[in-house]
Amino acid sequence: MKRNLTKLMVLLAILSILLTACQPKVSETEQPVQNETSTTKVEEKEECSYKIGYVSDVGKINDQSFNQASWTGVEEAAKLLGLGKECYSFIETTDSADYEINIRSFVDEGYNIIVTSGFAMGAITRQIAKENPELFFIGVGQEQVNENFEPDPYPNAVGLNFREDFGGFLVGALAGLMTETNVVGGVFGCQFIPPVARYEVGYYNGVKFVNPDAKVINVYHPGSIDVCFSDATFGSETAKALVSEGADVLYGAGGLTANGALITACNQGAYVLGTDMDQFVTLPEVKDCILSSALKDIQEGVVGVIGSIADGSFGGGDVYAPSSLAPFHNLDSAIPEDAKVLLEEIAEKLYSGEINPCTPFEGSNPNTFCVPIK
Amino acid sequence: MEINLIIGLSTLAIIKAAPLVFGALCGLLGERSGVINIGIEGMMLISAFTTFLGSALFNQWTGGIFPTNLSLLVGLFCGITSGALIAALHAVLSIHYKIDQVISGTVINLLAVGLTNYIANVYIDPTHLSGVGVFPTIPIPILSDIPIIGPILFSHQPMIYLMFIMVIFMQYLVFHTPMGLRMRSVGEHPRSADTVGIDVNKTRYVNVILGGVFAGLGGAIMVLESVGRFQKLMTSGRGFIALAALIFGGWTSTGALGSALLFGFSEALGVRLQFGDLNHVKVIVIVSGLVILGLGIFLLIKKIIEKEISIKKFISISILIVLGSIIMIGSNYVKFPTFSIPIEFLGLLPYLLTIFVLAGFVRRAKGPAAAGIPYEKQ
Amino acid sequence: MDNLLNKLNPIKNIYISVIVPILAIFTALILSSVVIILSGSNPLLAYLALAEGAFGNLNNWIETILKTTPLIIGGLGVALAFRGGLFNIGVEGQIFVGSIASVIIGTTLKAPAIIHIPLTLLAGVIAGAVWAAIPGYLKAKFGAHEVITTIMTNYIATRIITWSIGMNGPLRKTTSFVPETNSLLETARLPIMISDTRLHIGIVIALILAIVVYILLFRTTLGIEIRTVGLNITAAKYCGIKVNRNIVLTMAISGGLAGLAGAIQVMGLPPYNFTAGFNVGYGFDSLAVAVLGNINPIGVVFSAFLFGAMDSGARLMQLRAKVPVDMITILQGLILMFVAANQIIRGIYRIQIQDKKADKVNLSQGWGGGSK
């Protein structure tokens, strides 16, 4: 028994030594002002002219599309501003009840630029922005509106919004032009998520615009938020069914679920279309099948807004980042020239308001909340 | 048109059922010998993870000089091995350390999700590690040309055929071999088995680890025949559905296949109804008629086999059969309203159907009597 | 000398029953730090941030308590079902059903808080109890194994509720892009215990419930009946216990607890509504908490606190050390393993005790159909 106690004492002693050795780090954060140049570590922390925090939505930060793009934007912006790795960080939300405390953690830790990702955090981001007018807030996909959907900008909060319906329309048009069987498919995540709904409705309308006789088969994952964006196997099985039904072009907008669909459709010989980021880069398995992706320029948008904070040109309110098609990469030669010209014309007409990509059709998803071009 | 619909649905149902069947077989081996495994989900997830890593890294390190299928086979081997190893952990925890089998299953589930997500976050995603491909579809010559049945049963990727073979093999193994008898006696009356000279714990170890091989196949098939790579949380609860399929099927492999197919079929139907060309109400009515008819026929056959036919029961069974037939035949002549069932409700089909069939068809399910209790030699 | 040592045995046993879990946690932290180091982060920084995030200041303590509260109640529900020989894996769905019921009563009823709050809580309890009673009834009447039916009812509840907060659904808050319900009226919200903080009275309810469940299980006739059915159904029948009624009742109480947890979450956490992504995964967490606590109400409180602290501290761990939140899941798995298989810990650290079989409860008694 003496032996056991001795061992225990030794362990506890080691533990307490380790704990005391790290005391300086703990007390540092409680004393924001430290003028002594005692350790270089203290100085490095002081060099953060900006501290950028990122709170992701329920989902995975490296989901190779939405959440990832925002985080990559933060990393890039930090690099451009010369900020070290300790000057930016993230919190991954696992429960929507935690939105508020996750954002407040960054506020409490002295972060002065806070990026929150996902429309669900819109209201709470705005509330915390109102309470902290000296901090900057960037809401990715969050419209700066009040309860009556009227514009209500705060000077320290920007809503970085996207027109997913435009992106969906463009890929839909591309799909409609490239299909030879006149059957195109789409695999989507949860149907109650407005960006996803906008992609789907835009896609449908885009196909029909260039190819009114084409059959468009769009399938949503029927589950709840904890599976609909992370069920790659379901996406894959659905893609098999769609290809059996004759689809030779398949669009995916739904995180990991859609990724499964894209890879399988590619394996079965169909063209695919990606979402949010250039999936030619992020999903290498489909690089020989992917015509394009509905780009949201999230990364560039985040970099741009953070840059405007740094150079003083920041203004609150809604910003609408452009939607575009990703480069055609390996399939550039497979797409006929007149198709490319038509796509550019369509893009112009979308931005001039001549085409409404969000027109509801019979049985269409009512969760779109599209914002018309003024 | 209808034929194509049935072929399409059945094929999709088989594809959806395959991982469930492998998972159920994993549970079968363990439980028949008395070791409960609720960690099938974790085992399948880890297997999918290692299958992907094995095939992708092999391909990367050999510079792609070998054909795709070889890389996939390497991945398969990795997946099966990892399944067996995790099962060995489960076995050691619950047999040697005698912790409750529910706890060791939970531990595996937690570790599987935590580790695969973590490593995917810090290694797989940043390096954009790419999958290698999937197994090709191999139609069996001659058999795949049979009308209707051919495309449904004989035109699949190889692991689907493996699944069918394993179901038949396991049914034979468990119920018609000495090894199966040993397994079942250890699961029902370990004390008596011990007296006869069977090493109870060794049998359990062997069974659980073999079960891990099946879990490995379940995880591997998702990567090697569907998605083509690992994606976080890709099992999405299939391990638990596999467990349900096992119990639902009365702890037999053919029963597990049947319940997995029921599940896969209704899930496939839910997806198919989203295509927009079928009348939802009509399909639901036909399916209900089919289930009622099936229930009637099933009860009839059961009563005939049991040789007990009372007039009252016979009348109620005939009512069921007649009702079912009327619904199915009559639905061709009725004009149904075009009412679009919401997507979430379409997704409920498998779960509602399982509960209904469970209450209606499968009565008191009896599992191995000694399941869940660590064995103490005296 | 031997006599003295023997007299010290009870103290030694208590000392060991505290030391072994602590060592289990310590060992889990050491093992996980290997993973953290391999991925390029600093484990010490991570763990200190974890600890500070859980206990560093008053607000962090409060967040830990807020995370602990639903885990206690959900864990009690699972533990009680296990005591009755039943696997209630349906806690996830029962929590959601309770949340939705509390939303309905909390947004539509107009009453002073003194009435509104208990009614809203009661709505959660009843909803959860009914939802759990369905698998209970199916088991009692048809012998349907509750593992299957509770898994199925989980999916059914989750998906129907998801539909109900979509644009086509009846509960949708129409003035929002977000799939969420309206917020509870002020009179239905749980009172705050310390002003200007988020600490609501849910923890008090949870702790009282732990005592109530303990008394119920170990000091009342009903509790004895439940546990008898759980240990030996044949013996229970001989004693004249109505087994079928018992099964349904046990599931109902278990589900009622889960439903209450769901209601408290909605009534206590701003913005006091239910939304997609709310409280995802609490069903599985409750299971882990219940088994870690050896399905004993007091043990459940402690293990819920441990898990709650880890969940709460995870924010700061991610923020300061950039360690992905999945590390918490790994830690929880390792801790569960080392605490349950404490022989491993005792082997590593050479601690000897007499194996007390009396307290070892078998969770899987009811798996194989029940008659032993």
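The centres of domain 1 and domain 2 of chain C lie 28 Å apart, taken over C-alpha atoms. Domain bounds here come from an automatic or database domain assignment. The model is predicted: local features need pLDDT of at least 70, side-chain atom pairs count only at pLDDT 80 or more, and totals for chains, interfaces and linings use all residues. Residues are numbered from 1 along each chain as its sequence is written, while chains are lettered from A and ligands numbered from 1 in the order in which they are written.

Domain 1 of chain C covers 16-41 + 323-353, and domain 2 covers 61-321.

Helices are DSSP runs (H or I, at least four residues), numbered from the N terminus.

Now turn to chain B. Helix 1 spans residues 2-32 and has a kink of about 35 degrees at B:Ala17, shortly before the proline B:Pro19. The bend at a residue is the angle between axes fitted to the seven residues ending there and the seven starting there. Of the 31 residues of helix 1 of chain B, 22 are buried, so this helix is largely enclosed by the rest of the structure. Buried means that 20 or more other C-beta atoms lie within 10 Å of a residue's own, with C-beta atoms placed from the backbone. After helix 1 of chain B comes B:Gly34, with a positive phi near 105 degrees.

Conventions:
Helix = DSSP H or I, 4+ residues; strand = E, 2+ residues; numbered from the N terminus. Buried ≥ 20, exposed ≤ 12 C-beta atoms within 10 Å, placed from the backbone.
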